[in-house]
Amino acid sequence: MELERAVETYLRHVALERGLSDHTVAAYRRDLSVYTAWLGERGVVEVEAVTPALIAAFAAERASAEPPPASSSLARLQSSVRGLHRFLVREGRVDADPSGRLRPPKAPRRLPKALTIAQVDQLLNAAGPVPGSADASAAEPAAVRDRALLELLYATGARVSEIVQLDVDDTARGDLLRVRGKGDKERIVPVGSYARAAVEAYLTRVRPALAAKGRATPRLFLGVRGAPLSRQSAWLIIQAAAEKAGLTAHVSPHTLRHSFATHLLQGGADVRVVQEMLGHASVSTTQIYTHVSVEALRDVYATSHPRAR
């Protein structure tokens, strides 16, 4: 079986049968394009011609590339290769899996960077005015939308891809939000009063005018031409707010997700509750947020231990 045809068959499988997002499928496609191009340079165009030695050589070459690839990128590349060959074995296209001995690199355990509560306030205020304030009535429509977008990201801990895919009907429960996550799995996340007020102001004052400029769409957040807001546009909105707020640290959509989880756990939330709200399949993924600062440890010790003072 030709490698290129095998890759296309595998990508259709992960997209249609496993329900992976377009973003994830596109990442698999990029990784497997690098892999098949490397094999093609060595005259290997059939799946049956791929050997464990070839895969090991490919992995070693990619690991030693300049500049060195991030361990996460290398791990994803190897995962894509393993996924392709395992799929072909399961489907009976080949008899053996040549990637069986491939072991992913160990990624360094990096703690997610979260903003402080004061920095979150700075970011939100830079995005747009507080709903109901004197400034809100004179605010630009985009500022009202941007405030609602950031408030909802921080209030729910949802991924930016999940927020831009929200429909207006997903907000119909008031203090609960229906979110569609990875694999099209739905979860219900509480929404605080600040985010609800910001979304209500956007729905009342801004969205009708934006919707009139484009084709009818149920999407909650719209761009200036009335089309659904894209992930890239949401990222730029967050970047602009961070610059306006004077936040020198790198701020991304995931920064608000990290901040949401960190602040909940620091406030005493149970890790399994946070796991549910984040949509993590395993609690071990959520436990990375249970780190606390040295100062926080000292404070807890000083207030809790009978002989701390």
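1. Helices (H or I, at least four residues) and strands (E, at least two) are taken as DSSP runs, numbered from the N terminus. In these terms, L229 lies in the loop that joins α9 (207–211) to α10. The model is a predicted one.

2. Is L229 buried or exposed? Its relative accessible area is 7%, and because buried means under 20% relative accessible area, L229 counts as buried. Beyond its neighbours within four places in sequence, L229 is in contact with R145, L149, V164, F221, L222, G223, A234 and I237.

3. For the protein chain as a whole, the secondary structure amounts to 14 helices and two strands. The C-alpha trace spans about 70 × 65 × 35 Å along its principal axes. Of its 309 residues, 41% count as buried. Among contacts between residues at least 6 apart in sequence, 54% join residues at least 24 apart.

4. Helix α5 (residues 117–127) packs on helix α10 (residues 231–245) at an angle of about 110°, and the two axes are 8 Å apart. At that angle α5 is roughly perpendicular to α10. The crossing of α5 over α10 is right-handed. On the α5 side the contact is formed by Q122, L123, A126 and A127, and on the α10 side by I238, A241, A242, K244 and A245. By class, this contact of α5 with α10 has seven nonpolar residues, one polar and one charged.

5. Leaving aside neighbours within four places in sequence, L123 is in contact with L115, L150, I238, A241, A242, A245, L247, V251 and L256. L123 is also one of the residues that touch the most other members of the largest nonpolar core, which has 51 residues; the others are L149, L150, L152, I163, Y202 and F221.

6. Which elements give two or more residues to this core? They are α5, α6 (141–156), α7 (160–164), β1 (176–180), α8 (193–205), α10, α11 (253–266) and α12 (271–278). The largest share, seven residues, comes from α6. Another core, of 28 residues, lies apart from it and includes V7, V47, L77 and F87.

7. Helix α1 (residues 3–17) and helix α4 (residues 71–90) cross at roughly 90°, their axes coming within 10 Å. This places α1 roughly perpendicular to α4. A6, V7, T9, Y10 and H13 of α1 make the contact with S80, G83, L84, F87, L88 and R90 of α4. The residues of this contact of α1 with α4 divide into six nonpolar, four polar and one charged.

8. The axes of α11 and α12 also come within 10 Å, crossing at roughly 160°. The two helices, α11 and α12, are therefore roughly antiparallel to each other. The crossing of α11 past α12 is right-handed. Their contact is made by R257, F260, A261, L264 and L265 of α11 and by V271, V274, M277 and L278 of α12. In this contact of α11 with α12, eight residues are nonpolar, none is polar and one is charged.

Definitions and conventions
Residues numbered from 1 in each chain as written. Predicted model: local features only at pLDDT ≥ 70, side-chain atom pairs only at ≥ 80, totals over all residues. Heavy atoms only, no water. Axes fitted to C-alpha atoms, helices over the stretch in contact; angles between N-to-C directions. Parallel < 35°, antiparallel > 145°, perpendicular 65-115°, else oblique. Left-handed = near helix turned anticlockwise from the far one by under 90°. Contact = heavy atoms within 4.5 Å. Nonpolar A, V, L, I, M, F, W, Y, C, P; charged D, E, K, R; others polar. Core = buried A, V, L, I, M, F, W, Y, C linked by side-chain atoms within 4.5 Å. Buried < 20%, exposed > 50% of the residue type's maximum accessible area, 1.4 Å probe, protein only.
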